[in-house]
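Walk through this model with the sequence and the 3D view side by side.

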Amino acid sequence: MRSALINNIQTELASNPTSYLLTGDLGFGIFDDFSQKYPKQFFNCGVAEQNMTSVACGLAHEGSTVFTYSIGNFSTLRCLEQIRNDVCYHNSNVTVITVGAGFSYGQLGVSHFATEDIAIMSALPNISIFSPCDTFEVESLFPQFLSLNSPKYFRIDKSSCLGLPLYPLKIGVPRLCHQSSSRIALLATGGIVEEAMLAADLLKSDGLDPTVYSVHTIKPIDAEFIQTLPSSFDFIFTLEEHNSFGGLGSILAHALITQSSKPIGFKSFCIPDTYPSVVGDQRYLRQYYGLDAPSLASSIRHFLPL
Amino acid sequence: MSNSLRLSRKIRVDVVNMTSSGNSSHVASCLSISDILAVLYGDVLVKDPSTPRLATRDRFILSKGHAGAAVYAALAESGYFPTHELLNHYKNGSNLSGHVSHRSVPGVEVSTGSLGHGLGIACGIALHAQQTGKKHRIFCLLSDGELDEGSNWESFLFAAHFKLSNLIAIVDYNKLQSIGTTEETLALEPLIDKFRAFNLDVVEIDGHDHDSLRTALNISILTSVRPRVIICHTVKGKGISFMENNVLWHYRNAQGDEYESAMNELNTGK
């Protein structure tokens with residue numbers, strides 16, 4: 001997904017001479033030739049995310065399209081006030097890009113877990129939030145997101161879901177990944193959609209396989225989609241590699257409560273409100289928190305007894 | 001009396017009226033920069049109040065956003081909007097917030113209020129001008145206490161590294177911050193050495209002397225090779241004797257007899 005995103009940014013840099021890519025001294029191996037190819041548009045701002053974000057606001061103030069790039073928390077939480085006051089309040093055309101969503105850098109420790117970013121970024125007015133699960137979502141939605149002349153946040157996961165159906169996607173409308181005849185839906189965001197798909201497979205023999213959606217756009221989520229959920233489903237599960245507060249589960253529950261009048265069963269699978277004391281790769285940490293496919297299948301069976 | 005001197009007096013009268021009528025803070029911070037603003041808006045900035053977004057305008061960013069009243073006054077007195085609107089400052093439903101806001105206020109480039117943001121934004125504007133061959137200048141006015149914020153030092157590193165010679169950072173060095181002196185709070189001295197060590201073009205002037213301000217501010221980007229920092233030695237509360245160098249007036253405003261005395265001093269030029 002990262003390569004697809006970088007390719008799209010390269011296309012933008014090449015076609016729009018007043019677009020800029022700023023990095024907080026990250027991207028070894030992927031931006032190697034950028035300073036030669038785009039000497040007037042690519043700048044390594046150093047390990048200084050606060051300044052990088054304010055600089056992005058200044059560039060956008062002059063009518064430019066600007067991307068900032070770093071790892072999970074560095075270009076979001078480290079410079080949160082710059083994103084709030086400079087980028088969002090000024091409704092700047094700045095896209096904050098982070099790599100390493102959720103437990104992508106699970107061995108590196110808590111500093112590198114991007115597990116509260118959706119909650120914090122989604123609380124900011126004017127910003128749109130994109131959390132793709134595969135290369136196709138990046139490719140399809142990047143041009144649509146680029147056309148928004150406003151703040152954007154791209155959260156890129158190391159893991160990626162393979163083999164999903166390909167059809168034209170639209171900002172805000174979750175992607176149908178698996179259609180089931182059950183009245184159960186499982187909505188996931190980011191690379192962990194792969195666990196949702198595997199769980200659906202495991203639940204097929206029980207007749208409990210959910211319809212699976214990838215929620216590639218966390219903000220805004222299409223209101224019509226939300227309003228149709230209670231008529232199509234009796235029970236909704238959400239899945240994310242994010243803290244229980246303010247992530248996909250919270251956002252969807254809030255949307256359902258405020259936008260739909262019909263009651264619906266709801267359960268969110270996410271990271272409990274705590275910092276782990278262990279490290280491990282993404283697969284290990286998903287298992288640790290019961291977010292892997294076998295654990296999900298078992299939990300769903302538990303909640304929906306035959 | 002020169003134009004800029006007349007303008008500085010108008011700004012001072014306006015900010016006392018605005019802060020007293022609005023019962024708002026930061027009158028002394030406004031008085032500290034009234035001469036800097038008067039020289040900028042009177043003699044230095046390339047601007048057209050009837051076309052606030054003129055492409056070739058010099059950009060001015062107030063990073064010490066709490067002195068917003070002084071910028072609103074400078075803009076109104078320069079013709080960006082009617083001066084009678086100034087008394088809406090701080091009032092319910094007004095656009096003229098205590099900290100400077102770009103929303104619905106012609107001539108304000110960006111909003112600030114949290115310290116340590118303006119210089120980074122100015123760097124972005126300067127970088128764009130540099131890369132696209134534009135000739136306008138970017139002025140950013142910071143407070144001394146604001147230099148406690150680490151983000152400024154990220155921005156100074158950035159400005160020097162990318163040789164943003166179109167950037168002029170002005171430090172309002174009145175040596176008083178929110179609740180004490182700068183030296184008591186987080187010592188800045190030796191300040192000029194710090195800026196020199198960052199490879200910036202530093203000058204030190206009396207921030208109330210209009211001729212010195214004109215000379216230091218009116219640089220040509222054709223000859224400048226490094227970002228400039230102008231350390232302006234100023235007096236917090238300048239122009240009203242009982243406010244000068246008194247930390248009380250960071251938050252207090254003049255009411256009753258104090259207001260009368262303040263206006264009397266400004267009107268008689270004492």
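**A guided walk through the model**

A:Pro220 sits in the loop between β10 and α8 (223-232) of chain A. Helices (H or I, at least four residues) and strands (E, at least two) are DSSP runs, numbered from the N terminus. A:Pro220 is joined to A:Lys219 by a cis peptide bond, with omega about 0°.

A word on the model before going further. It is predicted: local features need pLDDT of at least 70, side-chain atom pairs count only at pLDDT 80 or more, and totals for chains, interfaces and linings use all residues. Residues are numbered from 1 along each chain as its sequence is written, chains are lettered from A and ligands numbered from 1 in the order in which they are written, and side-chain values use heavy atoms, with hydrogens and water left out.

Step back from A:Lys219 into its strand. A:Lys219 in β10(A) stands opposite A:Ile129. Strand β5 (residues 128-130) of chain A and β10(A) run antiparallel and are joined by two bridges. Two strands pair if DSSP finds at least two bridges between them.

Now take in the whole sheet. Seven strands of chain A form an open sheet with mixed pairing, in the order β2-β1-β3-β4-β6-β5-β10. Its edge strands are β2 (42-44) and β10 (217-219) of chain A, and each pairs on one side only. On average, neighbouring strands are turned by 20° against each other, direction ignored. Axes here are lines fitted to C-alpha atoms, for helices over the stretch in contact, and angles run from 0 to 180 degrees between N-to-C directions.

A helix lies over this sheet. Helix α6 (residues 135-146) of chain A lies across β3 (65-71), β5, β6 (152-156) and β10 of chain A. It runs at about 165° to β5(A). Contact means heavy atoms within 4.5 Å.

Chain A has another open sheet, with five strands in the order β7-β9-β8-β11-β12 and mixed pairing. β7 (175-178) and β12 (265-271) of chain A stand at its edges with a single partner strand each, so one side of each is left without a neighbour in the sheet. The twist from one strand to the next averages 25°. Inside the order, strand β8 (residues 184-188) and strand β11 (residues 235-243) of chain A pair in the parallel sense over five bridges. There, A:Leu187 stands opposite A:Thr238 in β11(A).

A:Asp25 is not a glycine, yet has a positive phi of about 60°. A:Asp25 belongs to the loop between β1 (19-23) and α2 (34-37) of chain A. In chain B, the peptide bond from B:Glu189 to B:Pro190 is cis, with omega near 0°. B:Pro190 is in the loop between α6 (182-186) and α7 (191-197) of chain B.

Finish where the chains meet. The contact takes 25 residues from chain A and 27 residues from chain B. Together the chains bury about 2,200 Å², 56% of it on carbon and sulfur atoms. Buried area is the accessible area (1.4 Å probe) that two parts lose on being put together, summed over both.

How many salt bridges are counted between chain B and chain A? The count is one. It joins the side chains of B:Arg59 and A:Glu62 at 2.6 Å, N to O. The term means a side-chain nitrogen of Lys or Arg within 4 Å of a carboxyl oxygen of Asp or Glu.
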